[in-house]
Amino acid sequence: MITVYGEGRGFRVVWLLEEMGLPYRLRGVDLLAGVENDPEFLGLNPAGFIPALVDGDATMVESIAIMEYLIARYGPTPLAPAPHDPAFPAYQQFLHLGEAGLAASIYFVIVSQMLAPEGERQNWGARKALEVYESRLGLVTRQLARAPYMAGESFTAADISVAYALLLAHMACNITLEGAERAYVDRVARREAFQRALDACHATRGWWGDRAPGR
Ligand SMILES: N[C@@H](CCC(=O)N[C@@H](CS)C(=O)NCC(=O)O)C(=O)O
């Protein structure tokens, strides 16, 4: 049985598992309660961040790497175009841009706003991270002017990567979703697998509340 540890970016992994129809178990990890109180999880990921995945003998971290593993191990799936497919370069680019360009940047804006001591909330690093997020978002906006999804005409795992980052920025940072981005997030969130993932991810659902798309 596949076990996903922790929500946060683990929502991407759960969403992918729902899209692929793979059975899994979600085991919560409460970072706010202090990961040092969760020795079982620290045994899997001594660095203490979520999500982690355990599948038989395989233990992994990094949500995008985990998605690539699941696709390679349990695919093929239409969620990932093959390398010779003309959609593949855009797929690969946006799969990674969703984390490396978008979520990883906005995360430091969020933790600065929510967790930094009062006098350190407005800092150069957080402002730069927001600038990086906004510049990478420009690539998403340009793609949405050309096609309904990140890889073109079909929904793929690149949309799981990018749409999660847009939702994270919206929910945690009040970055308004407008126009094509709003329509895009609403479109992917109407997928049954997204709604099943939201049902499974209690912490995410509790956090997003009524603002969760499709609720
Ligand atoms: N690039 C990683 C980011 C993981 C990450 O930063 N997770 C956050 C919550 S969503 C976390 O665990 N933060 C606590 C920490 O980094 O110590 C991924 O995509 O899985």
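Helices and strands are DSSP runs, numbered from the N terminus. On that numbering, Asp 38 falls in the loop that links strand 2 (24–27) to helix 2 (39–44). The model is predicted. Asp 38 is buried, because its relative accessible area is 12% and the limit for buried is under 20%. Leaving aside residues up to four places away in sequence, Asp 38 touches Arg 27, Gly 28 and Val 29.

Burial also marks helix 1, which spans residues 10–20. This helix is mostly covered, with 11 of its 11 residues buried. The buried set includes Phe 11, Val 13, Val 14, Trp 15, Leu 16, Leu 17 and Met 20. Charged side chains belong to it as well, among them Arg 12, Glu 18 and Glu 19. Gly 10 is also on the list. Gly 21 follows helix 1. The phi of Gly 21 is positive, near 70°.

The ligand comes next. Its surroundings include Gly 8, Arg 9, Leu 31 and Phe 49. Ile 50, Pro 51, Glu 62 and Ser 63 also belong to the surrounding group, as do Glu 99 and Tyr 107. At Ile 50, a polar backbone atom is 2.8 Å from a nitrogen atom of the ligand. At Glu 62, an N or O atom in the side chain is 2.6 Å from a nitrogen atom of the ligand. At Tyr 107, an N or O atom in the side chain is 2.7 Å from a nitrogen atom of the ligand.

Two of the residues around the ligand, Ile 50 and Pro 51, are joined by a cis peptide bond. Omega is about 5° there. Pro 51 sits in the loop between helix 2 and strand 3 (52–55). A cis peptide bond also joins Gly 75 and Pro 76, again with omega of about 5°. Pro 76 is in the loop between helix 3 (63–74) and helix 4 (88–115).

Glu 62 has a further feature in its backbone. Its phi is near 80°, a positive value in a residue other than glycine. Glu 62 lies in the loop between strand 4 (58–61) and helix 3. With a relative accessibility of 41%, Glu 62 counts as partly exposed. Asn 174 likewise has a positive phi without being glycine, with a value near 55°. The loop between helix 6 (157–173) and helix 7 holds Asn 174. Asn 174 is exposed, because its relative accessible area is 61% and the limit for exposed is over 50%.

Two packed helices are described by the angle between their axes and the distance between the axes. Helix 5 (residues 124–146) packs against helix 7 (residues 179–189) at an angle of about 80°. Their axes are 10 Å apart. The two helices are therefore roughly perpendicular to each other, a term that covers angles from 65 to 115 degrees. On the helix 5 side, the contact is made by Leu 137, Thr 141 and Leu 144. On the helix 7 side, the partners are Ala 180, Glu 181, Tyr 184 and Arg 187. The residues of this contact divide into four nonpolar, one polar and two charged.

How values were computed:
Residues are numbered from 1 along each chain as its sequence is written. Side-chain values use heavy atoms; hydrogens and water are left out. Axes are lines fitted to C-alpha atoms, for helices over the stretch in contact, and angles run from 0 to 180 degrees between N-to-C directions. Helices (H or I, at least four residues) and strands (E, at least two) are DSSP runs, numbered from the N terminus. Angles under 35 degrees count as roughly parallel, over 145 as roughly antiparallel, 65 to 115 as roughly perpendicular and the rest as oblique. Contact means heavy atoms within 4.5 Å. Buried means under 20% relative accessible area, exposed over 50%, partly exposed in between (1.4 Å probe, protein chains only). A residue is near a molecule or strand if one of its heavy atoms lies within 4 Å of it. A polar contact is a pair of N or O atoms within 3.5 Å; within protein, one must be able to donate a hydrogen and the other to accept it, and residues adjacent in sequence count only if both atoms are side-chain atoms.
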